[in-house]
Amino acid sequence: MTRQGESEMNIAREARKLVAYLMGKTSEIQELDVKDVLMAKAILDIHRTRTRKDLVSLPLYALEPIHRLDRETALRAVEGRAAALREHRAAICEAGGITCELLAEILPSVSWIKVVEEAPESYLVFEGNGRLAAMRQVFGPDDGITVEVELYRFRNPRKIVRRLNRVRRLNGLMPEEV
């Protein structure tokens, strides 16, 4: 297969994943506001400008959410995910972490948890905030759990980090700029 053919197949596969993801979010569409639109734009820019992505294991408490989970459907999903994780807590603690495969088995999703490095030991989760919230309900900082995530890399990440932090600020997850 040619390089262009592979690229077109990858685009089609990503488009199918996006449609499946959006269909799962239809109940939340009526509640969208400006911060949601800014988040969508930031995520589009992430996918458009990344130079590569790698699967890496990172400490659970080095992962920071970019938005609040304040909608009823999201809160119910977090509770269900936390219950599923509690059933596997001992095995996860013994293993010291959660791999993508284990996460897919316990908490199925259309994508891996996706992050952007904000600073050394600080990563912004732009996909998987509900799974992150569930993990934090079940595991504390002293558990030392790592999570395998998809780390997006950029030639110059400053603009992406700035946009994600704007979304975090609008969600009350960061202090307002002075």
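Let's start with one side chain. Tyr152 is buried, with a relative accessible area of 2%. Keep that residue in mind. A word of caution before we go on: this is a predicted model.

Who is the partner of Tyr152? It is Phe126: the two ring centres are 5.1 Å apart. The planes stand at 85°, so this is an edge-to-face pair. The structure holds one aromatic pair, and this is the one. Phe126 is buried as well, at 4% relative accessibility.

Now place the two rings in the fold. Phe126 sits in strand β5, residues 122–127. Tyr152 sits in strand β6, residues 146–153.

Let's step back to the whole chain. How many helices and strands does it have? There are seven helices and six strands. Reading from the N terminus, the order is α-α-β-β-α-α-β-α-β-β-α-β-α. The chain has 178 residues, and 36% of them are buried. Now the contacts. Take those between residues at least 6 apart in sequence: 80% of them join residues at least 24 apart.

Next, helix packing. Two packed helices are described by the angle between their axes and the distance between the axes. I have two cases to show.

Case one is α3 with α6. Helix α3 covers residues 72–87, and helix α6 covers residues 129–138. Their axes are 8 Å apart, at an angle of about 50°. That angle makes α3 oblique to α6. The crossing of these two helices is right-handed.

Which residues meet here? From α3 come Val78, Glu79, Arg81, Ala82, Leu85 and Arg86. From α6 come Gly130, Arg131, Ala133, Ala134, Met135, Gln137 and Val138. By class, the contact of α3 with α6 has seven nonpolar, two polar and four charged residues.

Stay with α6 for a moment. Seven of its ten residues are buried, so α6 is largely enclosed by the rest of the structure. The buried ones are Asn129, Gly130, Arg131, Leu132, Ala134, Met135 and Val138. Look at Arg131 on the screen: this residue is buried, and it is also part of the contact with α3.

Case two is α2 with α7. Helix α2 runs over residues 34–49, and helix α7 over residues 158–170. The axes come within 9 Å and cross at roughly 160°. That makes α2 roughly antiparallel to α7. Here the crossing is left-handed.

On the α2 side, the meeting residues are Lys35, Leu38, Met39, Lys41, Ala42, Asp45, Ile46 and Thr49. On the α7 side, they are Ile160, Arg163, Leu164, Arg166, Val167 and Leu170. The contact of α2 with α7 counts eight nonpolar, one polar and five charged residues.

Zoom in on Val167, in helix α7. Is Val167 buried or exposed? At 0% relative accessibility, Val167 counts as buried. What does Val167 touch, leaving out residues up to four places away in sequence? The answer is Lys35, Leu38, Met39 and Ile66. Take Met39 from that list. Val167 and Met39 are 128 residues apart in sequence, yet their C-alpha atoms are 5.9 Å apart in space.

Now to a strand. Leu58 lies in β1, residues 52–59. Leu58 counts as buried too, at 8% relative accessibility. Setting aside neighbours within four places in sequence, Leu58 is in contact with Leu63, Val115, Tyr123, Ile145, Thr146, Val147 and Val149.

One last stop, in a loop. Where is Glu121? It is in the loop between β4, residues 114–119, and β5. Is Glu121 buried or exposed? Glu121 is exposed, with a relative accessible area of 57%. The backbone is worth a look here. Phi of Glu121 is near 70°, a positive value in a residue other than glycine.

To recap: one aromatic pair, Phe126 with Tyr152, edge-to-face. α3 lies oblique to α6, and α2 is roughly antiparallel to α7. That's the tour.

Conventions: Residues numbered from 1 in each chain as written. Heavy atoms only, no water. Phe/Tyr/Trp six-rings, centres within 6.5 Å; stacked < 30°, edge-to-face > 60°. Helix = DSSP H or I, 4+ residues; strand = E, 2+ residues; numbered from the N terminus. Buried < 20%, exposed > 50% of the residue type's maximum accessible area, 1.4 Å probe, protein only. Axes fitted to C-alpha atoms, helices over the stretch in contact; angles between N-to-C directions. Parallel < 35°, antiparallel > 145°, perpendicular 65-115°, else oblique. Left-handed = near helix turned anticlockwise from the far one by under 90°. Contact = heavy atoms within 4.5 Å. Nonpolar A, V, L, I, M, F, W, Y, C, P; charged D, E, K, R; others polar.
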